[in-house]
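Work through the following exercises with the sequence and the model side by side. Try each task yourself before you read its solution.

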Amino acid sequence: MNLWPFRKYCSPFKLSRLGIMGMNQRNVNFIGRYNRRELYPLVDNKLLTKEMAMKNHVSTTALIGSIKHQYDVKNFPEIVKGRNGFCIKPTHGSGGKGILVIVRSENGVYYKPNGQGLTALDVERHITNILAGLFSLGGKQDFALIEDLINFDDVFRDYSYEGVPDIRVIVFCGYPVMCMMRLSTAASDGKANLHQGAVGVGICVRSGKAIRAVQKNEPVHIHPDTGADLYKLRVPLWQQVLNLASCCYDMSGLGYIGTDIVLDKIRGPLLLELNARPGLAIQTANSAGLLPRLRFIQAYIKKHGSLPAAERVKVSQEHFGVLEND
């Protein structure tokens, strides 16, 4: 189903006919109905998410350490000693805010992907800002996670600018219903954040191939910084990606989630984080509405009952495949 080109403004009645889900409908009918509030801390707190994933043998990025108190900030150089690269992020952050990626360190200088060098004092100041809640949801006091650097798969090297591309999979009751890749750009400051100017590429659930690409809700064909043809993108290890996403439902107990997955060239698909309130821009990237797929799964579960993760993925691939751009 091709929903575009849309006019800049479109009536809610037309959006509804096309199966486009709005925020209110998402919040009431899916998040409110399928996500029990007592489970939110498991995904809103990245450390709890990581501990939950390790306990359930779900592949995730390795944890180097954490800093919870201001008096521990001075221990940062010792925590990362011997590490060439690492990533620092707020536990309660969102939208990529507060994430600091260091790709190498040399003679006490820590280098960002763009080549900018930071002193230990610079990094410690950033950690202090994290602890103060500068990047957290609601501005509450936070603590910092230090994770191992992701060695992202070389197949994506031409599709991302100074950042690690990730795969967002919307999972409903364990069924992957819609997918996209988020590719960093110069406009997004090397972060895979669509609101900051990253490119979103809709990905076919069946094949892992690109369907459509957008930047700031406008169609694009070529990556604005690398010149790569976005329609030639294909995600390797696609079956593993979907299986990992589906297992996150069993692990978390949340019925409507966004799973963010990265591809490490050594370890394969890794869970980056979970989101209990995933955004709706994935519909624009896929040129498709979420509602028909969600309603299909509701009816399917009512008829067939509970299925294991691998079977859920098979059902999604059979019913949510589209004609890809080869």
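**Exercise 1.** Which residue forms a salt bridge with R83, and how far apart are the closest N and O atoms?

*Solution.* Begin with the ground rules: this is a predicted model, in which local features need pLDDT of at least 70 and side-chain atom pairs count only at pLDDT 80 or more, while totals for chains, interfaces and linings use all residues. Residues are numbered from 1 along each chain as its sequence is written, and side-chain values use heavy atoms, with hydrogens and water left out.

Next, recall that a salt bridge is a side-chain nitrogen of Lys or Arg within 4 Å of a carboxyl oxygen of Asp or Glu. The partner of R83 is D148, with 3.8 Å between the closest N and O atoms.

Then place both residues, using helices (H or I, at least four residues) and strands (E, at least two) as DSSP runs numbered from the N terminus.

**Exercise 2.** Are R83 and D148 buried, partly exposed or exposed?

*Solution.* Buried means under 20% relative accessible area, exposed over 50%, and partly exposed in between (1.4 Å probe, protein chains only). R83 has 33% relative accessibility and therefore counts as partly exposed, and D148, with 29%, is partly exposed as well.

**Exercise 3.** Find the salt bridge between D260 and R168, and decide whether D260 and R168 are buried or exposed.

*Solution.* The side chains of D260 and R168 meet at 2.5 Å, N to O. This pair links distant parts of the chain, since D260 is in strand β13 (residues 256–264) and R168 in strand β8 (residues 166–172), 92 residues apart. D260 is buried because its relative accessible area is 3%, and R168 is buried at 6%.

**Exercise 4.** Which strands pair with β9, and in which sense do they run?

*Solution.* Two strands pair if DSSP finds at least two bridges between them. Strand β9 (residues 175–183) has nine of its nine residues buried. Seven bridges join β9 to β8, and these two strands run antiparallel; here I167 stands opposite M181 in β9. With strand β10 (residues 199–203), β9 pairs in the antiparallel sense over five bridges, and R182 stands opposite G200 in β10.
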